[in-house]
Amino acid sequence: MLNSESSPAFEPGRVYNRREDLHGHYGGQRQGGISTPADRDLIFLFTSEAGSEYGYKDEFRPDGIFWYTGKVRKETWR
């Protein structure tokens, strides 16, 4: 159940509507793969198989860690 007064408790396997279920309750950036609601200690990461078309490869590694790739601004690499 999503509740704007507490941390989210997600149900495994359930598909959530990003705009209604997440941004509607918690705020945060509505575009891109990373969303950080301003007034919460939350970070939402969004992934899909379609990202591979753009060079992203998100996956669970053999050690159980989820490997998330994301867009980095060129200026941060200077």
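Tyr16 is buried, at 17% relative accessibility, where buried denotes under 20% relative accessible area, exposed over 50% and partly exposed the range in between (1.4 Å probe, protein chains only). The model is predicted, so local features require pLDDT of at least 70 and side-chain atom pairs pLDDT 80 or more, whereas totals for chains, interfaces and linings use all residues. Residues are numbered from 1 along each chain as its sequence is written, and side-chain values use heavy atoms, without hydrogens and water.

A pair of aromatic rings is described by the distance of the centres and the angle of the planes. Rings of Phe, Tyr and Trp (its six-membered ring) pair if their centres lie within 6.5 Å; planes under 30 degrees apart are stacked, over 60 edge-to-face, and the rest tilted. Two of the pairs are tabulated below.

| Pair | Centre distance | Plane angle | Class |
|---|---|---|---|
| Phe10 and Tyr16 | 5.1 Å | 85° | edge-to-face |
| Phe44 and Phe46 | 6.4 Å | 35° | tilted |

Phe10 is partly exposed at 40% relative accessible area, while Phe44 is buried at 8%. Together with Tyr26, the residues Phe10, Tyr16, Phe44 and Phe46 make up one aromatic cluster.

Phe46 also carries a charge over its face: Arg18 lies 3.6 Å from the ring centre. A charge sits over a ring if NZ of Lys or CZ of Arg is within 6 Å of the ring centre and within 35 degrees of the ring normal. Likewise, the charged end of Arg61 is placed over the ring of Trp67, 4.1 Å from its centre.
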